[in-house]
Amino acid sequence: MPLVIFVDDSETALASTRMVTNSMPIEVKQYTEAQVALAEIKAGMVPDLIITDLNMPVMNGFEFLKELRAVPATKRTPTLMLTTETKPELKQQGKALGLTGWIVKPFNPAQLKQAITRVLRLPA
Amino acid sequence: MMMLDSIDELLEHIKEVQVDVMELSNESLMKMSSFMEKNNLEIDEDISTALQYQDIITQQLTATNEAINSMKKSIDIFSHAYKSDEGLANESIVKLKDKLNATLQDAKDKKSRFSGKHATEHADDEIEFF
């Protein structure tokens with residue numbers, strides 16, 4: 001099964017995504033700290049899709065994305081930003097860093113499922 | 001300057017209350033989500049939104065607490081300047097006003113930034129792909 005990792009410092013946001021994805025044919029790993037997820041990726045974990053928050057302490061979503069793009073295994077891994085931020089200039093910044101898409105919180109569960117299905121090319 | 005000490009104490013109190021609110025709100029929603037997960041209840045859009053509001057609440061209150069910290073620092077600098085040389089007081093109060101205004105503006109910007117779709121009357125539900 002494809003591996004999807006979620007990174008968000010909000011436990012309730014992670015709980016929400018967990019309940020949305022638990023019926024999908026994917027393996028899910030969740031992290032409250034981007035640096036922990038990054039360490040596991042550098043140690044050999046290869047996710048098929050990364051969904052990350054932007055505003056997080058220690059390492060924010062953009063810093064995480066830059067680090068991901070520097071690791072050969074995740075240089076082109078599809079990455080979605082899941083955030084409360086709506087500013088167009090931030091979206092542009094994300095796009096320039098190689099982001100795949102932008103989801104504004106609170107997300108619609110059906111649309112999150114659709115986005116994951118589309119990116120991973122799962123059967124609809 | 002006793003007035004400034006009182007304001008400082010009040011700001012500290014507001015910070016503590018906000019931290020408690022964040023913790024209690026998080027705890028209540030985690031209990032709810034834990035119950036749902038244990039009982040394999042399906043999440044619908046309303047419950048998903050409710051859970052995600054917690055994130056917005058936390059970011060808003062954290063930004064407000066950061067503004068309070070900044071205000072407390074500015075007041076402290078003014079207070080020290082005033083105590084060391086009353087002649088500097090007039091000059092310092094202008095600087096204090098400017099700093100407090102800048103802090104307020106920054107806090108208002110963050111309120112807008114961290115509201116997600118909650119702040120948008122006709123929120124576009126589409127996920128934007130690049």
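**The contact between the chains**

Tutor: Thr12(A), Ala13(A), Ala15(A), Ser16(A) and Val20(A) of helix 1 of chain A meet Ser48(B), Leu51(B), Gln52(B), Gln54(B) and Asp55(B) of helix 2 of chain B. Contact here means that C-beta atoms, placed from the backbone, lie within 7 Å. By class, this contact has four nonpolar, five polar and one charged residues. Nonpolar covers Ala, Val, Leu, Ile, Met, Phe, Trp, Tyr, Cys and Pro; charged covers Asp, Glu, Lys and Arg; the others, Gly among them, are polar.

The model is predicted: local features need pLDDT of at least 70, side-chain atom pairs count only at pLDDT 80 or more, and totals for chains, interfaces and linings use all residues. Residues are numbered from 1 along each chain as its sequence is written, while chains are lettered from A and ligands numbered from 1 in the order in which they are written.

Now the geometry. Helix 1 of chain A (residues 11–21) packs on helix 2 of chain B (residues 45–84) at about 155°, with the axes 7 Å apart. Axes are lines fitted to C-alpha atoms, for helices over the stretch in contact, and angles run from 0 to 180 degrees between N-to-C directions. The pair is therefore roughly antiparallel, the term for angles over 145 degrees. Their crossing is left-handed: the near helix is turned anticlockwise from the far one by less than a right angle. Helices are DSSP runs of H or I with at least four residues, strands are E runs of at least two, and both are numbered from the N terminus.

Helix 2 of chain B has another partner. Helix 1 of chain B (residues 2–38) crosses it at roughly 165°, and the axes come within 10 Å. That makes these two helices roughly antiparallel as well. Their crossing is left-handed. By class, their contact has 13 nonpolar, nine polar and three charged residues.

Back to helix 1 of chain A. It lies across strand 1 and strand 2 of chain A, at about 180° to strand 2. Strand 1 (residues 3–7) runs parallel to strand 3 of chain A, joined by four bridges. Val7(A) stands opposite Thr52(A) in strand 3 of chain A. The open sheet has six strands in the order 2(A)-1(A)-3(A)-4(A)-5(A)-1(B), with mixed pairing; strands pair if DSSP finds at least two bridges between them. Its edge strands are strand 2 (27–31) of chain A and strand 1 (128–129) of chain B.

Terms used: Parallel < 35°, antiparallel > 145°, perpendicular 65-115°, else oblique. Contact = placed C-beta atoms within 7 Å.
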